[in-house]
Amino acid sequence: MSLSLSTLALRSDVRLIDFGSATFDHEHHSTIVSTRHYRAPEVILELGWSQPCDVWSIGCIMFELHLGITLFQTHDNREHLAMMERILGPIPYRMARKTRTKYFYHGKLDWDEKSSAGRYVRDNCKPLLRYLQSNSEEYRQLFDLITRMLDYDPSQRITLREALKHPFFNKLPAHQRLGSDRSRCNGESSGSRERSHSLSR
């Protein structure tokens, strides 16, 4: 059965996914992956990456879809890390010590807050919860989910399966929720399969 683009536009049950450079765990992982603005800290710090970096990317995209602004609007790694610290707090010491990149000095980000770039970050970024526009339960649940998706530590970051069970999605009608059958299609029917591949671009 063929569908025209106009038909696709009217079908809410049809989802198009660009798999980009989807990579299985056993395949070569390039050092850099993901579109810049949605790039996870472990990628920037060259600490290795797997499926959790996709969760980070989705968290950034959810923020952008909600507010209409890009959370990390930059094209420079060091500035990107400075934005993360401004929005999410200090990067964990163990990650700073483990990276072979030159962005840290004695475990702290080597960043001049008084420079023009430093002023740019200070003027254009603020702690994540300060972007909250309402104190309603729905807003708080959304930002709680985004916060969990933007956990620095990929091993502690919420998984996609856990994210789908977050209270933020409770109001979705049953027919719009991803059930157990669909979850298996997404490679999330078990913990062993959950991190089997990455859909990062």
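Thr-101 counts as buried, because its relative accessibility is 14% and buried means under 20% relative accessible area, with exposed over 50% and partly exposed in between (1.4 Å probe, protein chains only). Thr-101 sits in the loop between α5 and β2 (104-105); helices (H or I, at least four residues) and strands (E, at least two) are DSSP runs, numbered from the N terminus.

Before we go on, note that this is a predicted model, where local features need pLDDT of at least 70, side-chain atom pairs count only at pLDDT 80 or more, and totals for chains, interfaces and linings use all residues. Residues are numbered from 1 along each chain as its sequence is written, and side-chain values use heavy atoms, with hydrogens and water left out.

What does Thr-101 touch, leaving aside its neighbours within four places in sequence? Its contacts (heavy atoms within 4.5 Å) are Ile-44, Leu-45 and Glu-46.

Now to the largest nonpolar core, which has 40 residues. Such a core is a set of buried Ala, Val, Leu, Ile, Met, Phe, Trp, Tyr and Cys residues joined through side-chain atoms within 4.5 Å. Among the residues touching the most other members are Trp-56 and Phe-72. Helix α3 (52-67) is one of the elements giving two or more residues to this core, and α3 gives the most, with seven residues. Not counting residues up to four places away in sequence, Phe-72 touches several residues, including Trp-56 and Cys-60.

| Residue | Relative accessibility |
|---|---|
| Cys-60 | 1% |
| Cys-125 | 3% |

How many disulfides (cysteine sulfur pairs within 2.5 Å) are there? The count comes to zero.

Definitions and conventions: A disulfide is a pair of cysteine sulfur atoms within 2.5 Å.
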